[in-house]
Amino acid sequence: MNIAICVLIIIFLLIFQLSFLSFVLPFYLVPNIILSILICSLLFTNQIKIVLIYGFFAGILLDMFSGNIVGFSALSFLLIIFLLAFLKRKLAIKSGLNAFWLFLIIASLLYDLLIYVAIKIYPAISSIHWSMHLGIAMFGGILANLIFGSLIYVLWRKMAVNV
Amino acid sequence: MRLKSKQQQKRKTVFWGLFLLFLSFGSIVGSYFGLFDKPKNILYLIVSPVSRTFSFAGTKTADFFQFFINLKKIAQENQWLRLENLQLISQTAQLNDLVRENEFLRQALNAEHPLNQKIIIAKIVSRYDLLGQEIFIIDKGIKNGVNKGQAVVLTPNILIGQVVESLDNFASVRPLTNSRSQIQVLVKDKQIPGIIKGQENNILVMEMVPQDKELSVGDLLVSSPTDQLVGDLLVGKVEQVLKNDLGVFQQALVKPLATSIGLDSVIVIASANF
């Protein structure tokens, strides 16, 4: 798929997540759509390099939109992709819905953990209520990611997107 | 041969990974020095029509569901507001007399008007929320005189947020209800100082209020003048006082007088000589 189209899709999904879903759903039930997209592309393509590049740009854009320190989400996405690519290779995980769910749970936990560590190091980086309700945020986040992620997975398979 | 090319590919991937990791660290450092101000300005310029549509749809959808959830509460609030409205009408009549008297005295003494401030009317072009931290983007920036730290108000003087980042044509505003928002306030007429912090569900928390000070439900809070923020802007009303006999300070739950939800435009107070 054309890189420009991919970037446009990422921007569109980010706006949808940050400007629409964030206001309709409680903050702990807002899915991380980009995470699902990255996992889909990691599972169905063997081009880790491309997934890393998309992860980096999606992270930069996410931070630019949300007013966070630019680079934090990019760093988180890169670390997650590295770990998942390593797991996929070491455990010889085959692409499928179960693998997608497993990766999504790991990625969600890791993303939350990275935010938690970031809050501890630099408290202004993220939400106070997020750190107060860590359990709810983690559980809600995983649940929302699984629901919306499954939808993205089905769409991905149907459209046979070749990132 | 095939093994060699696989190893080469692996090396390339590791190289790219490390390069991007390095770039991410560089971005974090760069963002402190405003390296992303120009790209952000361009990005907002491009995406603001789309994100405005989404923000509008998002807040309208949320309002629709909130209406059904709060139906019972709205009826009670309506009754309470009717009563308060009657009280306010009588207070306004008294205040009008005072304003006339003040103006007459000011003319007699040839004194300058204290509200010598530049106001900028700005449109909200988009709203973003990540992990419960809402920010909204307005269509005025450095070129229009909007700078970091300035107050964002709802007419006439109700504080709803503060500019946290100013780009060439846009500025990011952090609403009072954002959990990272923190401003100094005073209890009107009592001059009790405190700090207001954002909380969940459109509630603010007033902290750092000494235990010996008498806070009561219904007290009005106004902004305390600082280097960045102008004073005497209305912030909220005390809803509940939380006293802890063992603590040095008491807390209070405060309801903001207005929020940015559903607003199309706001006023930025660019300079003031209070």
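The questions and answers below concern a predicted model.

Reader: Is strand S2 of chain B mostly covered or mostly exposed, and how many of its residues are buried?

Author: In S2(B), Gln133(B), Ile135(B) and Ile137(B) point one way, while Glu134(B), Phe136(B) and Ile138(B) point the other way, and the residues on both sides are buried. The strand, which spans residues 133-138, is therefore mostly covered, given that a residue counts as buried when 20 or more other C-beta atoms lie within 10 Å of its own. The number of buried residues is six of six.

Reader: Which residue in S5(B) stands opposite Ile138(B)?

Author: S2(B) pairs with strand S5 of chain B, residues 171-175, in the antiparallel sense and over three bridges. Within S5(B), the residue that stands opposite Ile138(B) is Ala171(B).

Reader: What is the bridge partner of Val163(B) in S5(B)?

Author: S4(B) and S5(B) form a hairpin, with four residues between them, and they pair in the antiparallel sense over five bridges. In S5(B), the partner of Val163(B) is Val173(B).

Reader: Which helix supplies the largest share of the side of chain A that touches chain B?

Author: The contact between the chains involves 34 residues of chain A and 40 residues of chain B. On the chain A side, helices H1, H3, H4 and H6 each supply at least two residues. By class, that side has 24 nonpolar, nine polar and one charged residues. The largest share, nine residues, comes from H1(A).

Methods
Residues are numbered from 1 along each chain as its sequence is written. Chains are lettered from A and ligands numbered from 1 in the order in which they are written. This is a predicted model: local features need pLDDT of at least 70, side-chain atom pairs count only at pLDDT 80 or more; totals for chains, interfaces and linings use all residues. A residue is buried if 20 or more other C-beta atoms lie within 10 Å of its own, exposed if 12 or fewer, and partly exposed in between; C-beta atoms are placed from the backbone. Two strands pair if DSSP finds at least two bridges between them. Two residues are in contact if their C-beta atoms, placed from the backbone, lie within 7 Å. Ala, Val, Leu, Ile, Met, Phe, Trp, Tyr, Cys and Pro count as nonpolar, Asp, Glu, Lys and Arg as charged, and the others, Gly among them, as polar.
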